[in-house]
Amino acid sequence: MPRFLKLIINIVVLGALLLISLQVWAQDWRPLRGGIPFGISGIALIEQQSNTLDFLIVHDNKQKNQGRLAIISIKGKNQPEYFPLNWPSNIELPIDLEALTSVPEKTKFSFIALSSSGKAYYIRLEPAKKTISIIKEFNLPGIIQGNNFEAFGLQNIDGKLVAIWGHRGEAEQPATIFWGIFDLAKYQITLVGSTNLKVPFPSGNVRHISDIKVDPVGVVYITSASDAGDDGPFQSAVYVAGYLGWHGNKIVWRQNSQFVPLYRSDYHKIEGVELVPGAEGGVVVGTDDENLGSYVYILGESS
């Protein structure tokens with residue numbers, strides 16, 4: 001076979017393989033919306049039905065004409081549908097919402113959103129009407145100057161509602177994980193303890209904690225992220241950071257001695273994570289890719 005013909009065949013095959021790999025990559029990461037106002041800074045499961053996952057997300061916007069919350073719906077392998085929600089007109093707009101969690105084993109469609117300053121909003125969602133109401137506003141305990149919160153999670157562990165949240169840290173400054181007991185009747189968190197942590201990846205402009213969730217047995221998942229500006233490049237990772245459990249009558253934190261990246265990305269800035277159980281579930285991550293918009297990815301999703 002002439003050398004030139006072999007070269008042409010190799011180029012065609014390589015191009016086809018590249019196209020297939022790009023299509024597979026595009027199917028894995030599902031684009032949501034383009035532009036800075038649509039970045040996902042927190043995500044929480046609303047409802048899991050046959051072949052459909054519905055999530056509530058928050059945006060870290062600061063301007064009056066920008067959205068704060070939205071519903072996204074993922075049906076099978078389709079791209080997510082996006083439904084913006086209006087913030088109640090009788091409640092002052094939040095600034096820089098950075099985290100979101102559902103309230104376990106309480107009234108269905110109840111959530112808590114957290115701003116970077118430590119102000120929290122107890123939210124009731126009506127999915128059919130696509131409306132929200134704010135039940136209560138309150139602050140995290142023990143806030144000190146310089147705290148920049150990007151993570152908040154709730155879980156019922158052995159009959160107690162446990163809260164865990166994180167100051168993001170940056171570069172050589174470690175992140176700080178806080179944990180405590182949440183009295184939902186009083187909308188009050190009693191701070192139990194805190195500790196610092198740093199992740200091995202990403203490096204450079206890393207935010208050691210960009211989101212946090214805890215599962216029903218107390219295993220704590222975190223995401224970490226870095227970016228070099230509004231156009232990237234971005235890097236992210238998902239870790240098991242440690243374990244929350246009871247020792248006597250006190251909730252204690254056992255930090256992982258070795259941070260193993262369960263997943264890493266060199267292309268996206270992950271700022272939201274959610275744990276979805278079941279055959280169609282997985283670890284769901286959402287991104288705030290600044291000028292490049294937002295994406296959703298389901299780790300462990302079947303091909």
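Analyst: Buried means under 20% relative accessible area, exposed over 50%, and partly exposed in between (1.4 Å probe, protein chains only). The model is predicted, so local features need pLDDT of at least 70 and side-chain atom pairs count only at pLDDT 80 or more, while totals for chains, interfaces and linings use all residues. Residues are numbered from 1 along each chain as its sequence is written, and side-chain values use heavy atoms, with hydrogens and water left out.

The count of salt bridges (a side-chain nitrogen of Lys or Arg within 4 Å of a carboxyl oxygen of Asp or Glu) comes to 14. One of them pairs D96 with K62, whose closest N and O atoms are 3.6 Å apart. D96 sits in the loop between strand 5 and strand 6, and K62 in the loop between strand 3 (52–58) and strand 4, so this pair ties together parts that are 34 residues apart in sequence. Strands here are DSSP runs (E, at least two residues), numbered from the N terminus.

Strand 4 (residues 69–75) and strand 5 (residues 81–85) run antiparallel and are joined by five bridges. Within this pair, I71 stands opposite F83 of strand 5. The hairpin of these two strands has five residues between them, and G76 in it takes a positive phi near 60°. I71 is also among the residues that I46 touches (heavy atoms within 4.5 Å), leaving out those up to four places away in sequence; F55, F109 and P127 are others on that list. I46 belongs to strand 2 (residues 42–49) and is buried, with a relative accessible area of 10%. The C-alpha atoms of I46 and P127 are separated by 8.3 Å, although these residues are 81 residues apart along the chain.

A second salt bridge joins R207 and E150, with 3.4 Å between the closest N and O atoms. R207 lies in strand 14 (residues 206–214) and E150 in strand 10 (residues 149–157), so parts 57 residues apart in sequence are tied together. Both R207 and E150 are buried.

In a third, the side chains of E290 and K269 meet at 2.5 Å, N to O. E290 is in the loop between strand 20 and strand 21 (294–299), and K269 is in the loop between strand 18 (263–265) and strand 19; the pair links distant parts of the chain, 21 residues apart. E290 and K269 are both buried. Through shared partners, salt bridges join E150, R168, E170, R207, D227, K269, E271 and E290 into one network.

Strand 19 and strand 20 (residues 282–287) run antiparallel and are joined by six bridges. E274 has V284 in strand 20 as its bridge partner.

Key:
Pairing = 2+ DSSP bridges. Helix = DSSP H or I, 4+ residues; strand = E, 2+ residues; numbered from the N terminus.
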